[in-house]
Amino acid sequence: MKAEERSQVEAKVGLICQKIQTRGGIENMKKISIVALISILFCVLSVSVMASDIMDPQIPESWFEAPKLASEVGITEFDESPMLADRVASGELEAVAERLPKDPPVVEPYGEIGKYGGTAEVWGTALNFGGDVRYLAPPDAAGRVTPDGADIVPYYLESWEFSDQGRVLTLKLREGMKWSDGHLFTSDDYLFWWDHIAHNTELTNVPPEEQTPVATLNVTAPDKYTVVYEYNVPNPRRDDFGFQNEFGFGVTPPAHFLKQFHPDFVDLKELEAKAAELGLNSWVDYFNRMRNDSEVHPEFEQQKPTLRPFVAVERTNSTLTFERNPYYPFVDTEGNQLPYIDRAVVSLANSREVAALKMATGEGVIGGRFTTQQDLALYKKNEKAEGYKTRIFQKAYGSDCGIQLNLSHEDPAMRELFLDVRFRRALSVAIDRENINKKLYFGLAVPMQASVPPTSKFYKDEYGQAYADFD
């Protein structure tokens, strides 16, 4: 394997270093602990053990189902971070009970109830500047995958239901949930996407009704907290309605905010003039910038509201600062509004190597996508001196890299060869997975075919081990 190819493979491996560090008037811990989590590749290299063998026994049972509501667990009073309590006292914010949904969802903490305060020091590179802040809190998604990978349960959404053999999907939003600027999150946000983004030819090349293989025929809102999708064919997928997250080009944008940058609501000449002032080519660039990038690149006068636990508040050439979202909808089992951490400061490293060194010397809380398996020796070497431990975890999906042949190759002979299943099987058994495992991953991975992970209820040995033995 060439050095360049090896580097590309190694770059697929994520490494997260996490510690708790406090500053700014918060009492410092006497002993700082960093946890380095080294993710092993699935696919060419994968972990082929059953769910019962790798499931953390300390994971709360409640994580395997949708969050219960405060009323269901008897929570009637709510608390908040002192930094928010000060803003309430000054009249800047409403009381915490007014900022939360009508009946807040409850997340059971891992291990124990946390303490408010602290600043998370995060290092990143140009490719993920600010992105790893997401690791400081639970996923910001409409639905959440259960720890065993067996199901997806409601999270930001209250519920969903398929009908008409999967052709109709009905979403129920959490009543009273708010964006980070205090505006209600309602069905109007979905309708704004449908009417003014999905059906604007300058923003969407192919309207939803003409997309294949699944076309979205209509999106309606019977009431403020109900959204109905209608499809041309059964569509049991759960990602069309912004399941992964609410940022970027998802279908749940903050309508009240984005109307300021859309010609259906603002004079087109005014928008074009503002775009030119910002050095952008058109209102479309301006709209997409405010729609997609503003929360992680806050160089504009206004910032896009978010549902995430942290909101970008300041940016310099080398740092990006986040603060807690005062309207984050989740509470813990004692009624404390989440998250626990007040701030996160992301520092930009000049290179991947510099970021890795910052983590190894205890200067960072989280380093994710910029670290690779080759840094393992560095982290192990500095464990004792810096007071952290290096730990290995397994990714939650079954394939991270692989070889895909062009089955429609323009050369008829090559196309015929690639379409022959015997050739593809031969190619698979020609891969020396054990050798790759030994040389690149210290023998920590287990050879496996590209398939669903062993934790999934759909996993079968005949899938994971099909044509995976070197011969």
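## About the model

This is a predicted model, in which local features need pLDDT of at least 70 and side-chain atom pairs count only at pLDDT 80 or more, while totals for chains, interfaces and linings use all residues. Residues are numbered from 1 along each chain as its sequence is written, and side-chain values use heavy atoms, with hydrogens and water left out.

## The chain as a whole

Let's start with the overall picture. The chain has 14 helices and 17 strands; these are DSSP runs numbered from the N terminus, with helices (H or I) of at least four residues and strands (E) of at least two. Of its 471 residues, 46% are buried (buried means under 20% relative accessible area, exposed over 50%, and partly exposed in between, with a 1.4 Å probe and protein chains only).

Among contacts (heavy atoms within 4.5 Å) with a separation of 6 or more, 64% are between residues 24 or more positions apart.

## Two nonpolar cores

A nonpolar core is a set of buried Ala, Val, Leu, Ile, Met, Phe, Trp, Tyr and Cys residues joined through side-chain atoms within 4.5 Å. The largest one has 43 residues, and Leu171, Leu173, Tyr190, Tyr229 and Phe287 touch the most other members. Elements that each supply at least two residues of this core include strand S9 (157-163), strand S10 (168-173) and helix H5 (187-197). A second, separate core has 13 residues, among them Val122, Phe310, Leu320 and Val365.

## A look at Val133

Val133 sits in the loop between S6 and strand S7 (143-145), and is buried at a relative accessible area of 5%. Leaving aside residues up to four places away in sequence, Val133 touches Phe310, Phe322, Ala344 and Val346. Val133 and Ile366 are 233 residues apart in sequence, yet their C-alpha atoms are 7.8 Å apart in space.

## Aromatic pairs

There are 15 aromatic pairs in the structure. Rings of Phe, Tyr and Trp (its six-membered ring) pair if their centres lie within 6.5 Å; planes under 30 degrees apart count as stacked, over 60 as edge-to-face and the rest as tilted. Trp63 and Tyr110 form a tilted pair, because their planes meet at 40°, with the ring centres 6.2 Å apart.

Phe257 and Phe261 make an edge-to-face pair, 5.1 Å centre to centre with 65° between the planes, and both are buried. Elsewhere, Tyr155, Tyr156, Tyr328 and Phe330 form one aromatic cluster.
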